[in-house]
Amino acid sequence: MLVALVSGLVTVVVLRLVALQGWDRAMGMGEGVGARHGAGDDGAPGGPAGMAGFRAEFVDSVDRAVLVGVVVGLLVALVLGVLAARRTARPLEQLRTAARDLSLGRYDVDVPHPGTTELAGLADDVRELGERLAATEARRARLIGEVAHEMRTPLTVTRGYAEAMLDGVVPADEVALGKVVDQTRRLERLAEDLGSLSRAEEGRLEVRVVEDADLAATVADAVAAVHDRAAGHEVTVRLAAPDRLVVRHDPDRIAQVVTNLLTNAVRASGPGDRVEVTVDGPGPGAGGTGQVATVEVVDHGVGLRPGEETAVFERFYRGEESADADGSGIGLTIARALARAHGGDLVAASDGPGRGSRFTMTLPVPGPASVPPRG
């Protein structure tokens, strides 16, 4: 309405100026012709007085015509504006209601499908947000149940041994106390995982970088740490790495990442399978810029379904194949956060279910790395 009103006023001013200037030029030409021919006087219809009256009537006619045009234009603009506003306001109100429902935890909201391109894109984003929030809430609820189960088991075992020792049924010897200590460590590991997840999501993971750390030795230590677990599952772990690979990293944190990857690989493998660990570097970085060292963990187990290559890194996510396995579904989330805290990344790939998985961690190599040939 304001645009239409300003446009009408501008039209009035411009029209009057142009029309009157044209009229004055025409009158000037007419007076010159009359003077040459000696025609007309003040009282004649074609004289100056008559022309002045005709000029005033012409101006009034122009003003009335423009006024009517402006009023009609404003009315048309008002009608079209109301229609356009209603067409926009209704889906906006529906989107606002949907967003309010999402904020209240109701994720199964019906998001409208507006006709305009911009609102349709916004509606798609709100719909995708609802789906992601619903999936995250479902995983969170499942995690709470799994964490409760994880805590219940060691607490039950610990309480059972403690009561048995108090009743004299089980002697308070090294074996019984060792069982209690093992279950306590299990609880500590769960608490540490949850704390690490919280720090990872807040970007507060502590990384203590060692400039001359040996990445090959770090990975070798992680392989040794899971040797007994792999042997218990009848899985062979093979390591291919240079004798020494100096890469700037936090040995404890990178060992945590590799240990998590190896534990998952062993869990996904069957008796007689093998897990292959390869350490290489440096090679071309992402986009061809910089140099990176890589740590690759490959198994030949259950594999990943299409789309799980990224989903496995989401917090609380656990694939159907690992639904009955131990673990809380946050290890890979923490592992990727640790890799990124070093300036690298962690990605997954798979040829499909039953065809194994490949997890590749990259770490930046800012300067020349010491890479003696493999022995």
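In the predicted model, the largest nonpolar core comprises 42 residues, and Leu215 and Leu346 have the most contacts inside it. At least two residues of this core are supplied by each of helix H5 (215-225), helix H7 (251-268), strand S2 (274-284), strand S3 (291-299), H9, S4 and S5. H7 provides the largest share, seven residues. Apart from this core lies another, of six residues, which include Leu95, Ala98, Leu102 and Ala123. In soluble globular proteins, nonpolar side chains tend to be buried together.

When neighbours within four places in sequence are left aside, leucine 215 is in contact with Leu245, Val247, His249, Ile254, Val279, Ala293, Val295 and Leu363.

S4 pairs with strand S5 (residues 357-364) in the antiparallel sense, over six bridges. Within S5, threonine 362 is the bridge partner of aspartate 345. The two strands, S4 and S5, form a hairpin with six residues between them, and glycine 352 in the turn has a positive phi of about 130°. A positive phi, near 90°, is also found at glycine 343, which follows H9. Helix H9 itself spans residues 331-341, and its buried residues include Leu332, Thr333, Ile334, Ala335, Ala337, Leu338 and Ala339.

The structure holds one aromatic pair. It is formed by phenylalanine 313 and phenylalanine 359, whose ring centres are 6.2 Å apart and whose planes stand at 75°, so the pair is edge-to-face. Phenylalanine 313 lies in the loop between helix H8 (308-311) and H9, and phenylalanine 359 lies in strand S5, so the pair ties together parts that are 46 residues apart in sequence. Buried means under 20% relative accessible area. Phenylalanine 313 therefore counts as buried, at 3% relative accessibility, and phenylalanine 359 counts as buried at 10%.

Conventions: Residues numbered from 1 in each chain as written. Predicted model: local features only at pLDDT ≥ 70, side-chain atom pairs only at ≥ 80, totals over all residues. Heavy atoms only, no water. Pairing = 2+ DSSP bridges. Helix = DSSP H or I, 4+ residues; strand = E, 2+ residues; numbered from the N terminus. Buried < 20%, exposed > 50% of the residue type's maximum accessible area, 1.4 Å probe, protein only. Phe/Tyr/Trp six-rings, centres within 6.5 Å; stacked < 30°, edge-to-face > 60°. Core = buried A, V, L, I, M, F, W, Y, C linked by side-chain atoms within 4.5 Å. Contact = heavy atoms within 4.5 Å.
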